[in-house]
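Trainee: I would like to go through the terms used for this model and check each one against its cut-off.
Mentor: Go ahead, and ask for the value each time.

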Amino acid sequence: MLTFFTKLADLVTYQLFRLSPETPEAEVLHFFIEDTAKIFFLLVTLVFIVGFFRSWLAPDKVRQWLEKCPRLVAYGLAVILGALTPFCSCSSIPVFIAFLSARIPLGITMAFLIASPMINEVAALMFGEIIGWHFTLAYIATGMITGIIGGLLIDSLKLEKWVEPLGATNPLPGKKDGETGLSLRERLQYAKKETADIVGRVWHYIIIGVGVGAIIHGYVPQNWFIEHAGTDNFWAVPLAVVMAIPLYASVTGTVPIAEALIDKGLPVGTTLAFIMSTVAISLPELMILRRVLKPQMLAFFVVYLVIAFILTGYGFNFMFRTAP
């Protein structure tokens, strides 16, 4: 089905603009059109579907479910829920705050917060098609394990004292006391509203991400990446993590950048470390989180993720020493 977008890019690039396939300009335009159209199609479709099913979700109900589960199972459910909810870190934070206000344990809510921006359905489909399903499954597992370990660590250290007092938050749709007795029409309206809200939050980051990926794909020589960020450069992974922190993008917007970087010879682990840092510990996210987390908790959050992403980068570079 997704080959339609390749044909669309072929039509626009080679017939409408009449560019020669061998030119960098053609590579840039083809990459930009194909990936932009593909990502927005997947984003709108999957966000609407997930939003429709999320209309049954209420923080108080989630707390009741989690209280009945063994703690490790609760962490697993939290990261799975993170994979099925909003598509960037700043979109995940309102849900995170709602869970805190519903008195869900901090470790479980932090596991959700860590996993949510790193994993989503659109990114999984894009990674699977572009980079390979063996890499994609390893990436998803890494994101979930990172969330679970982070949550367990926070829980075991009893860091609740580093959370700011919470005021009232806006609940997910439904009637009083967290009940979600909505009609089918109301659920569809909620899904439509959530789709518009999330796409409105991330569309410009997707455009920027695809644009950067297209420029890298078309103009940056492959030898540059091999020379400066290849597996022989020990400091490439931590440098990629630190350089990504001032940036901000949804994981969906970083997929085209990852595709272009790997095509140019950047090791998979270094690319992955850059992506995970961009989406999970960006400065905009940290500024919003400061509303609910004290500086000590923010510092712990950043240090844990930096260490986790550096180790992940080295690990993936070792496991995928050849191109995926």
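What follows is a set of questions about labels and the values behind them.

Mentor: This is a predicted model, in which local features need pLDDT of at least 70 and side-chain atom pairs count only at pLDDT 80 or more, while totals for chains, interfaces and linings use all residues. Residues are numbered from 1 along each chain as its sequence is written, and side-chain values use heavy atoms, with hydrogens and water left out.

Trainee: How many helices and strands does the chain have?
Mentor: There are 15 helices and zero strands. Both are DSSP runs numbered from the N terminus, helices being H or I with at least four residues and strands E with at least two.

Trainee: What share of the residues counts as buried?
Mentor: Of the 324 residues, 54% do. Buried means under 20% relative accessible area, exposed over 50%, and partly exposed in between, with a 1.4 Å probe and protein chains only.

Trainee: Why is threonine 195 called buried?
Mentor: Its relative accessibility is 8%, and the limit for buried is under 20%. Threonine 195 lies in helix H9. Leaving aside neighbours within four places in sequence, threonine 195 is in contact (heavy atoms within 4.5 Å) with Val44, Val47 and Phe48.

Trainee: What share of the contacts with a separation of 6 or more comes from residues 24 or more positions apart?
Mentor: Such residues account for 84% of those contacts.

Trainee: What makes the group around Phe48 a nonpolar patch?
Mentor: Patches take residues with over 30% relative accessible area and no salt bridge, joining nonpolar side chains (Val, Leu, Ile, Met, Phe, Trp, Tyr) within 5 Å and like charges within 9 Å. The members are Phe48, Ile49, Phe53, Trp56, Leu184 and Leu188, with about 590 Å² of accessible area together. Areas come from the Shrake-Rupley method with a 1.4 Å probe, and for residues only the protein chains shown count as cover. Isoleucine 49, in helix H2, is partly exposed because its relative accessibility is 40%.

Trainee: Which helices supply at least two residues of the patch?
Mentor: Helix H2 (24–54) and helix H9 (184–219) each do. H2 gives the most, with three residues.

Trainee: How do you know that glutamate 34 and lysine 38 form a salt bridge?
Mentor: A salt bridge is a side-chain nitrogen of Lys or Arg within 4 Å of a carboxyl oxygen of Asp or Glu. The closest N and O atoms of glutamate 34 and lysine 38 are 3.5 Å apart, so the pair meets the definition. Both residues lie in helix H2, four residues apart, about one turn of the helix, and both are buried.

Trainee: How many salt bridges does the whole structure hold?
Mentor: A search finds three. Another of them joins the side chains of aspartate 155 and arginine 71, at 2.6 Å from N to O. Aspartate 155 is in helix H8 (residues 133–156) and arginine 71 in helix H4 (residues 71–83), so the pair ties together parts 84 residues apart in sequence. The side chains of glutamate 164 and arginine 290 also meet in a salt bridge, at 2.8 Å from N to O. That pair links distant parts of the chain, with glutamate 164 in the loop between H8 and H9 and arginine 290 in the loop between H14 and H15, 126 residues apart.

Trainee: Why is arginine 290 called partly exposed and arginine 291 exposed?
Mentor: Arginine 290 has 36% relative accessibility, so it counts as partly exposed. Arginine 291 has 60% and therefore counts as exposed.

Trainee: What makes the pair of phenylalanine 4 and phenylalanine 5 edge-to-face?
Mentor: Rings of Phe, Tyr and Trp (its six-membered ring) pair if their centres lie within 6.5 Å; planes under 30 degrees apart are stacked, over 60 edge-to-face and the rest tilted. The structure holds five aromatic pairs. Phenylalanine 4 and phenylalanine 5 are 5.3 Å apart centre to centre, with 80° between the planes. Phenylalanine 127 and phenylalanine 135 are edge-to-face too, at 5.9 Å and 70°.
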